Amino acid sequence: MCKCCSTAQKQYWVFGCGVFLLLLALIVGLLWPTLAWNILYSQLRLGDGSPNYDNWIETPLPMYMEITMFNWTNTHEVHNPDVKPLLVECGPYVFLENHKRTNVTWNENGTVTYNQIRTWQFVPDLSNGTLDDEITTLNMISASVAYAVRNDGPLIKLGVNVILNTLGGSLFVTEKVGEFLYDGYHDPLLDYLKSTNSTVFNIPFDRFGWFVDRNNSWSYDGTFNMNTGENDMTKMGMLNEWNYHSKTDFYSGGCSAINGTTGELWPPKINSDGDLTLFVSDICRSVSLAPTSETIERHGVTASKWIGDYRVFDNGVNYPPNECFCTADETECPDLAPGLYNVSDCRFGAPVFISYPHFYLADPSYVEAIDGLNPSKEEHEFAMSLQADTGIPVEVNARMQLNVLLQPVTGLALYTNVPHIMVPMFWFTQRVELDETLAGRARLAVMLPSVGVYASYGILGLGAILLIVGITLTLTNKWNSHTRFQNESDNELET
């Protein structure tokens, strides 16, 4: 301490600096949360040229679509009521999936309107099999025709019978995996239906494949309108409209509402104890995932986990709010046992129903009707894990199964004496995992609020030390002794 200063001056500097540091610590502690939030907002806000823009315009993380096909191995026993269909899994066939936004329009109300292009590229090294593997399963074109006329009169069915017999309609078809999925295959019955321009069979493609004409299409998924977070950060990524409507035409009541995000962009500060809602355009509806007490860690980032529970595909039997997903006549609802969801209106009138893989969490009757199924939580659960503070997806395992209804149809010879069952066609896992680059950004974002807290603690500690030293010197009267010691030392040096 300077020897030229008086005791009062020394006290002024020590106590003054101590009080100043205490006040600075208080100010930093109070203001830093708001400052940290503003910094986080500037990084996560979605806008043209914003830091988060590049992560949104094209998916930065490697995303994989793993598709497992079901091969019906005992089709010759289909008319035998004592023999169950025997299905054998083939695959998985793994595709690298990429999402890119296009036709992007930034709106003045804090939303963005866009389309998206999804592409899939087969990855042989990760797949168990090739796209040339042959699969035998239900003939979807014949099944769709039978489903469409199931309630029609005998004259219409007579005509359909003639068409099926003339054009070689069959219960089953054997094709290559690649043709079933993205390439598609030609079918004479489909060609005929297209030529009639019938409004009953409104089929927008000229060959059949579950994902035909989707690869690299900007229009297939529809047009999305989404909040950017400009006006309200808690709504960032939340959809307002799909295909220029806030509701779909496929369901009634609250089931028609378009809620949640598309699953890739989430707002920060997510409530890890609440549901997580995403809109899935493939099934034309929103899906709410349930919170769990589980957490996972990837590259030093800890994430909360949400799962698809029984509610997602319930039809109102166990979860009443889902009653409005029933598309049958109101007097016939519920028309399905729990665990299956009817997407036929969403999929051009085809008898398509969605569930979890292997009918996981579904009514046991679905599993009991088929040989070769073994539902399990570990392999078939729909799960998504997010870093709740930043909304960054850490791990995604989105799993669903596509099923087709096979049932007897009076008046159609092809569908006489067939079983009434839900036939699994394939199930998939859309898999995403955080990489080290984005994990580093996530860690910095998570640490940001702590930086100010630790800084304020450090400043507080330093200020407290100065005040303690000052009080100690004052109580022990060391200020003067220190001064006398300095004077005596100076005199001795001069002598």
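In this short talk I will walk through the core of this structure and then through a few of its helices, strands and loops.

Before that, please note that this is a predicted model, in which local features need pLDDT of at least 70 and side-chain atom pairs count only at pLDDT 80 or more, while totals for chains, interfaces and linings use all residues. Residues are numbered from 1 along each chain as its sequence is written, and side-chain values use heavy atoms, with hydrogens and water left out.

Let me start with the core. A nonpolar core is a set of buried Ala, Val, Leu, Ile, Met, Phe, Trp, Tyr and Cys residues joined through side-chain atoms within 4.5 Å, and buried means under 20% relative accessible area, taken with a 1.4 Å probe on protein chains only. The largest such core here has 121 residues, and those with the most contacts inside it are Ile67, Trp210 and Leu406. Strand β14, residues 392–406, gives the most to this core, with nine residues; strands (E, at least two residues) and helices (H or I, at least four) are DSSP runs numbered from the N terminus. If we set aside neighbours within four places in sequence, Ile67 is in contact with residues including Cys90, Leu181, Phe211 and Trp427, where contact means heavy atoms within 4.5 Å.

Next, helix α3. How many of the nine residues of helix α3 are buried? Eight of them are, so this helix, residues 140–148, is largely enclosed by the rest of the structure. At its start, a side-chain oxygen of Asn139 reaches to within 3.1 Å of the backbone nitrogen of Ile141.

Helix α6, residues 188–196, has Leu189, Leu190 and Leu193 among its buried residues. These three cover an arc of only 100° around the axis, which puts them on the same side of α6; the arc is that of the directions from the helix axis to the C-beta atoms. What covers the buried residues of α6 includes α3 and α4, the latter being residues 154–166. Asp187 caps the N-terminal end of α6, with a side-chain oxygen 2.8 Å from the backbone nitrogen of Leu189.

Now to the strands. Strand β4, residues 134–138, is mostly covered, since four of its five residues are buried. β4 pairs with strand β5, residues 172–176, in the antiparallel sense over five bridges, and pairing requires that DSSP finds at least two bridges between two strands. Within this pair, Glu134 stands opposite Lys176 in β5.

Finally, a loop residue: Asn52 lies between α1 (7–44) and α2 (53–57), and Asn52 is buried, with a relative accessible area of 9%.

How values were computed
Buried < 20%, exposed > 50% of the residue type's maximum accessible area, 1.4 Å probe, protein only. Polar contact = N/O pair within 3.5 Å; in protein donor to acceptor, adjacent residues only side chain to side chain.
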